[in-house]
Amino acid sequence: MSLPFPEIDPIAFSIGPLVVRWYALAYLAGILGGWRYALWLKRRDKTQPPSEAKLDDFLPWAILGIILGGRLGYVLFYQPALIVHDPLAVLQVWQGGMSFHGGALGVIIALFGYAFIQRIPLLRLTDVVCAVVPIGLFFGRIANFINGELWGRVTTQPWGVVFPMAGPDPRHPSQLYEAILEGLVLFLILMALYLWSKTRNLPGTVTGTFLAGYGIFRIFIEQFREPDAHLGFIFGSISMGQILSLPMVIVGLGAIIYALTFGRKKHG
């Protein structure tokens with residue numbers, strides 16, 4: 001028993017030669033939705049930096065970090081041969097191929113640079129930004145499902161889906177697993193932590209929870225996700241996604257420990 005893949009056109013709409021895909025709309029929804037949600041959060045915490053104006057100014061930095069980091073990360077982590085054989089393809093973002101871990105690294109670099117230039121406490125800024133990231137993750141994984149890409153491993157579960165480009169066997173809809181855990185569940189956890197004044201006033205708590213939470217969820221879901229065909233498993237049954245997520249868990253736990261230790265001392 002399996003579920004048929006829903007017949008959804010990857011192209012949302014077109015106007016003459018302009019073609020707009022659901023994947024592009026997912027990025028737009030994630031960025032704009034995250035920006036508006038960040039401002040909503042700050043209106044409930046106006047006593048601490050960054051201000052709403054500073055968050056507005058950070059938006060272009062975040063967009064560049066997501067796009068450049070996501071594309072470069074995909075090439076470096078999953079298709080490094082492109083650098084030698086077709087270096088111009090590295091810049092062809094419109095061809096597809098984005099890495100969350102690369103995008104995360106790009107945004108981290110942007111956060112460090114922006115916080116330094118604007119003289120904003122780094123962890124105050126990262127706590128707000130990390131709280132909104134699951135919005136983009138949710139829409140991005142839904143778009144992956146619509147595109148019929150990044151499917152899961154073969155399964156006998158009744159909710160298995162037969163993806164058009166993945167053969168006749170039903171597979172785990174791992175994109176939806178990620179949308180639920182990395183998107184919805186992580187979003188609710190981070191929202192609760194940020195709105196609760198005790199954890200909001202321990203800078204780094206939300207940041208660390210996001211990094212560790214995403215890493216743990218991704219490592220878990222990789223057990224159901226089909227590895228990239230050109231990579232396969234890296235060590236035994238360990239995938240590239242799991243390898244890249246492990247440092248996030250370590251750094252995230254370290255950030256939480258730092259926040260609980262030094263934040264409590266600072267706030268008595």
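What follows is a short chat about a predicted model of a protein.

Colleague: What confidence does the protein average?

Modeller: The mean pLDDT (the predictor's confidence in each residue, from 0 to 100) is 87, and 90% of the residues score at least 70. Because this is a predicted model, local features need pLDDT of at least 70 and side-chain atom pairs count only at pLDDT 80 or more, while totals for chains, interfaces and linings use all residues. Residues are numbered from 1 along each chain as its sequence is written, and side-chain values use heavy atoms, with hydrogens and water left out.

Colleague: Where is confidence lowest, and where highest?

Modeller: Lowest in helix H3 (residues 81-85), with a mean of 67, and highest in H6, at 97. Helices (H or I, at least four residues) and strands (E, at least two) are DSSP runs, numbered from the N terminus.

Colleague: Now the rings. How many aromatic pairs?

Modeller: The count is 14. Rings of Phe, Tyr and Trp (its six-membered ring) pair if their centres lie within 6.5 Å; planes under 30 degrees apart count as stacked, over 60 as edge-to-face and the rest as tilted. One of the pairs, Phe5 with Phe163, is tilted, at 5.5 Å centre to centre and 50 degrees between the planes.

Colleague: Which parts does that pair tie together?

Modeller: Phe5 is in the loop between strand S1 (3-4) and strand S2 (11-15), and Phe163 is in the loop between strand S4 (161-162) and helix H6 (174-195), so the pair joins parts 158 residues apart in sequence.

Colleague: Are Phe5 and Phe163 buried or exposed?

Modeller: Both are buried. Buried means under 20% relative accessible area, exposed over 50%, partly exposed in between (1.4 Å probe, protein chains only). Phe5 and Phe163 also belong to a cluster linked by ring pairs, together with Phe145 and Trp151.

Colleague: New topic. Which residues touch the most others in the largest nonpolar core?

Modeller: Phe58, Phe100, Leu125, Phe210 and Tyr214, out of 37 residues. A nonpolar core is a set of buried Ala, Val, Leu, Ile, Met, Phe, Trp, Tyr and Cys residues joined through side-chain atoms within 4.5 Å.

Colleague: Which element gives the most to this core?

Modeller: H5, with 8 residues. A second, separate core of 6 residues includes Phe145, Trp151, Val161 and Ala166.

Colleague: Back to Phe100. What does Phe100 touch?

Modeller: Leaving out residues up to four places away in sequence, Phe100 touches Val133, Leu137, Arg141, Phe210, Tyr214 and Met248. Contact means heavy atoms within 4.5 Å. Phe100 is also one of the buried residues of H4.
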